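Colleague: I'm new to this one, could you walk me through it?
Modeller: Gladly, let me put it up, and then ask whatever you like.

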Amino acid sequence: MEIDRPEDQNSETKKNSSLFQIFFILLEVVIVILYGIFVEFRYDPVDPSLPWNEEPQTAFVTGYPVMQDVSVMMFIGFGFLMTFLRTHSWSAVGFNFILTVVVFQMYILYNGFWIRCVSGDNWDFKIQVDITTMVTALYCCAAILISLGGVLGKLNLFQLLVMAFIEACFYALNEAICFDRIHLQDIGGSITIHTFGAYFGLSVTMMISPKQTKGHPKNSSNYNSNLFAMIGTLFLWMYWPSFNCFPALNPEDRIRSVINTLLALTGSTTAVFITSSIFKKGKLSMEDVLNATLAGGVCVGTSADQIVYPFAALFVGYWAGFMSCVGFEVLSPLLQRKIGLYDTCGINNLHGMPGIFGGIFSAIFIGALTEDTLGYRVEDRFDGRTASEQGGLQIASLGITLAIAIITGVITGLILKLPCFNGPHDLFEDQVFWEMDEHQVPNGYIPTMTRELITEGMESPRKHKHHDKELKEIE
Amino acid sequence: MEIDRPEDQNSETKKNSSLFQIFFILLEVVIVILYGIFVEFRYDPVDPSLPWNEEPQTAFVTGYPVMQDVSVMMFIGFGFLMTFLRTHSWSAVGFNFILTVVVFQMYILYNGFWIRCVSGDNWDFKIQVDITTMVTALYCCAAILISLGGVLGKLNLFQLLVMAFIEACFYALNEAICFDRIHLQDIGGSITIHTFGAYFGLSVTMMISPKQTKGHPKNSSNYNSNLFAMIGTLFLWMYWPSFNCFPALNPEDRIRSVINTLLALTGSTTAVFITSSIFKKGKLSMEDVLNATLAGGVCVGTSADQIVYPFAALFVGYWAGFMSCVGFEVLSPLLQRKIGLYDTCGINNLHGMPGIFGGIFSAIFIGALTEDTLGYRVEDRFDGRTASEQGGLQIASLGITLAIAIITGVITGLILKLPCFNGPHDLFEDQVFWEMDEHQVPNGYIPTMTRELITEGMESPRKHKHHDKELKEIE
Amino acid sequence: MEIDRPEDQNSETKKNSSLFQIFFILLEVVIVILYGIFVEFRYDPVDPSLPWNEEPQTAFVTGYPVMQDVSVMMFIGFGFLMTFLRTHSWSAVGFNFILTVVVFQMYILYNGFWIRCVSGDNWDFKIQVDITTMVTALYCCAAILISLGGVLGKLNLFQLLVMAFIEACFYALNEAICFDRIHLQDIGGSITIHTFGAYFGLSVTMMISPKQTKGHPKNSSNYNSNLFAMIGTLFLWMYWPSFNCFPALNPEDRIRSVINTLLALTGSTTAVFITSSIFKKGKLSMEDVLNATLAGGVCVGTSADQIVYPFAALFVGYWAGFMSCVGFEVLSPLLQRKIGLYDTCGINNLHGMPGIFGGIFSAIFIGALTEDTLGYRVEDRFDGRTASEQGGLQIASLGITLAIAIITGVITGLILKLPCFNGPHDLFEDQVFWEMDEHQVPNGYIPTMTRELITEGMESPRKHKHHDKELKEIE
């Protein structure tokens, strides 16, 4: 009986819990020491290479509301989107919370170090933080939370923390390579955030995933868990324009990014409702609606500021929504049957494939830019590179990102299988990770009560009364 | 038994599902083609008639956070407010989602065409989109979502899509007439958004509404569905000042709109808690609290920027909250008994009557404006019209809006009764529209289990029948 | 049986409901009259002592999105954080809603009057309202909602309204004394908001709290109620930087406040996950995660703009999270056993102790400020006072705040015990306060049904086993 299993699990959990606590404490000690040595506030954003090259107050005014939207996407958006598992909602939102927080802390350091390594500027080696740093740190969180979607329910918090520790490091490295060396244009991160996060996560999943999790009885949702998940979906949808517009270099790019992202999202949403209706013979699948509707925002990411015709953004959205919906309906079951890849939240469909297409589309859209459509020379936009040169760099970055994500993901997956982590035996189950009383167990107290009523069975009127009293107390 | 009915419904659903899919695909094909021909970005907002006649970046800075608040009101606010139906929450939030998206796409085209027809400017016939366009498109969504509240649970997605297709068209026409011809002042849309949406929706409801839906066992809420609905109510409440202030023409009007809206909302909220407590003899009704508390925001809409004394905004709020609460407690049951009008979410109480009073109040407040209270000549505010002339235009617009809404609503209702739409036989039921496994059916798996316990369990046929009947009622 | 109890309660509720309605109506009448006499809009923010001393539009632009974040913290943040009680969620979010609204209305008057009394300016005695007034009114709501957390489930709405009426008055008095007389620096309100609200609430709780509420069967949460509560926690977490940065006097202070608050929150969140894991032997406690994770935001409040080294904000967060978590795990049960203090939401742990430490830390951080770290003379920051003088004023304000909060709280508690209020006999129970049909009672209709099945139901032991197995599978 379910209610007993956590007992067996308890002893296992305790075995590695001290190791987890020691690791986490050490991590925080190292973080606070490094912050003490390296991190300081930046007040004067006069560096002309900064996205918001206005005077400080305007930088705050322009950037702060956008930063808060991105923050909501991480904590509420990703957190609640993953609550759809009916016996794993607490872990979904709770682990999402702590991972975001720790990655936020770590990224500021990783980024500072890698930028220095890659760019080699003669910089005074202080990591200066401002509103822009906050947003780029949240972007890193997005990549790690995407990976979390792949492994959700199959790793304990210790494993997730180690995964985040490794992934954030290589995310920051890849970001430094793509932006500071290759001069990738990737305003909404289809390549550096979504593709990286998805294929890192899928590689980890391939390594650690117990086979046949699909058939697992707890790998499912219920009525309310899907409503909670809808909160996540909608906040992601609504604030995606903020995610895709923050790094814009000028007002025109910013307005284009916002509107293109909105149009792409409307495109993917309509495509999903149509495609899902076709697959489900006139009904709709909540899984499709919760996830694939967002694919437009992923896919338009890299080129949100490069698309100069609104209808093109709609097209990107239609394609992304259709492809993502087909992914959920056809590809995911296929991959699971053929190669045993089980991807809890379908990150390949929502982030992986749309991310790759986002990269490819960006090469096409950038290649198609002309002085006529832009109003100024294309070379002025790309530091002297022509449209086709920049298009090539986009594809190169995509390749490098995929390579780094997959290689480091596979290695991370192998590390997480080490016995010291003591991965959970009971999958998709909150009771393994959370102290729960009888009222708190997923789906409420009813089963326990009913079970007791049944086992003690009701014959004698005396017992009836007894249960009656029990019910009073419970209510 | 409920669990069987969807099977019967399935075949019906399939019959019209291909028609729905074809309609939706064609609609999107037409939209993308028209976007390709007509829609382009606007970067240079120097047109002096634009609300945000600042340089582009400031326009973004001022308008973007307000736009995001309005977006949250549509997707989360309206979406979750309607989840209160305990077996229709998925459809409430899902249909709200897709309708918002499609109306957003369509409005940009409708608005572009009607503005050209009505104003007859020698404009180069490109529809230029910017942040302001995004917000006005969301305003149109609000009107359609209000109508959705009236028909919720009684139409399938095909019917809703056709309703939105027609309503958005006439919404945009009415808007063009009221603003570009009659020079209506309606910053928060009490007239053009709330009154239009409510009476269009009520007209459709009168035409299509199966009688006696009030007694329908599924037309009810449960503990959690009302908590989900509270998320919607609160986001609508909090972001209503953004809704009512966006089109303000100058900083003074904007600050007045925000504060007047907040005060009117506090007025309606206190009035509702008092009135509901009187009706319920010391208890409170969740229906009143979820809905009528928002009436102040509706009612102050037209005059949010015209009210120069804060206490007047409180009065508008008290009146709106009281009237709306009486509407829910007295008028709605009465209308249903007398004329068979059943309005699922009570849109007449929350949007209809407060909208009409908002229009009337605006005539009074505008009529009372003087150079003394404004600090400048009233004629300068209204392009040379006196206060009483402008007051008259307000009432004229209200009449025109009501006429257009009711006539087009009745026609739409008649169209939606055509057999090709195959309206749902099973009302307020998610299982008709969503693919659901045993865990996902509303109210969880318990009924199935219990039912099995019963059929396999107890011996006497009499008891079986008895429980069977009970379950039916409960479901 | 529970289902009957509300009947008994009904008659009691009715007895005092007319008194409540009369009080509430009178209160609103007085409010609207005073608004009519005293309140007017402020359009011209040229007063150099104002936080946002920019031209009006910029004041709106800078302040409005921040105001909306603070608003979300009140209605959604506090409202949903308190929904964790499984049979009191409606009252939590509903009473939170109405109290916020009424306190918002009252504070504007209280503040206007006290400021005049304390400062004695020759001011023309009009209370001028602008965006800043809206935010300071929401700050007052925060203090009252903190107190609500202490008494939640143990007072009826009449008592809560009277509590808010008294508390808001003394909150505004204390605020006027601390800021206008003592020149306290308290940007995020650790002292004036959190300490005041917590110790006022705890004093009321001590006076009114029925003993042994801890063992009360309804004083508990369930799976979904904790998920709803998580929505509250996360919105509080995300928007806390807005809460702590609004009153900043210059862009540097504002950026520091935002980043210090974020870092302190990450610190408290990591500390809580570690500490909770240690207390729960490898598992986590949802109560800790929902509450103590926010302690960093409370504790860094007073000094958010004074901390010039980012690592110091992390330290404040670690300490606050650790202390708050220990509070929930050790101190709360202890206080309840020893002195019978039962604090429903643990406000002593989340607001009380972190608030006091926030005040003490601010004295230390201010005392440590030098011309070197600031870039300008410390005396210029504090109107001529040295760092150590200002540090002393911080401690003095903390003492005065504690004294006023405790004394007025005790008196309020004694008033609320008067028989005319007829406090609820049935604790933590929504059915006492809300009209509920059979579907709406907390935890749904299942128990009633099951109970009937049982009494009418099962006899044979074989069948018992069968059902037992079924239940296993379902879980």
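Colleague: Which residue forms a salt bridge with B:K218, and how far apart are the closest N and O atoms?
Modeller: In this predicted model, B:K218 pairs with B:D426 in a salt bridge, and the closest N and O atoms are 3.5 Å apart. The two residues belong to distant parts of the chain, with B:K218 in the loop between α6 (190–208) and α7 of chain B and B:D426 in the loop between α15 (387–416) and α16 (446–457) of chain B, 208 residues apart.

Colleague: And are B:K218 and B:D426 buried or exposed?
Modeller: Both B:K218 and B:D426 are buried. B:K218 has a relative accessibility of 1%, so this lysine counts as buried.

Colleague: What about B:E429, which residue does this one form a salt bridge with?
Modeller: B:E429 also forms a salt bridge with B:K218, and there the closest N and O atoms are 2.6 Å apart. B:E429 sits in the loop between α15 and α16 of chain B while B:K218 sits in the loop between α6 and α7 of chain B, so this pair ties together parts that are 211 residues apart in sequence. B:E429 is buried because its relative accessible area is 2%, under the 20% limit.

Colleague: Changing topic, how many disulfides does a search of the whole structure find?
Modeller: The search finds 0 disulfides over all chains. Take B:C325 as a case, where the closest cysteine sulfur, in B:C299, is 15 Å away and therefore too far for a bond. In chain C, the sulfur of C:C299 has its closest cysteine sulfur in C:C325, again at 15 Å, which is too far for a bond.

Colleague: Are B:C325 and C:C299 buried or exposed?
Modeller: B:C325 counts as buried, at 0% relative accessibility, and C:C299 is buried too, with a relative accessible area of 0%.

Colleague: What about the largest nonpolar core, how many residues has it, and which have the most contacts inside it?
Modeller: The largest nonpolar core has 428 residues, and those with the most contacts inside it are A:M74, A:F235, B:M74, B:F235, C:M74 and C:F235. Leaving out residues up to four places away in sequence, A:F235 touches A:V72, A:M73 and A:I76, and also B:V72, B:I76, B:F235 and C:F235.

Colleague: One last stop, where is B:S225, and what is it in contact with?
Modeller: B:S225 lies in helix α7 (residues 223–245) of chain B, and this serine is buried, with a relative accessible area of 3%. Apart from neighbours within four places in sequence, B:S225 is in contact with B:T83, B:F84, B:L85, B:R86 and B:S89.

Definitions and conventions
Residues are numbered from 1 along each chain as its sequence is written. Chains are lettered from A and ligands numbered from 1 in the order in which they are written. This is a predicted model: local features need pLDDT of at least 70, side-chain atom pairs count only at pLDDT 80 or more; totals for chains, interfaces and linings use all residues. Side-chain values use heavy atoms; hydrogens and water are left out. A disulfide is a pair of cysteine sulfur atoms within 2.5 Å. Buried means under 20% relative accessible area, exposed over 50%, partly exposed in between (1.4 Å probe, protein chains only). Helices (H or I, at least four residues) and strands (E, at least two) are DSSP runs, numbered from the N terminus. Contact means heavy atoms within 4.5 Å. A nonpolar core is a set of buried Ala, Val, Leu, Ile, Met, Phe, Trp, Tyr and Cys residues joined through side-chain atoms within 4.5 Å. A salt bridge is a side-chain nitrogen of Lys or Arg within 4 Å of a carboxyl oxygen of Asp or Glu.
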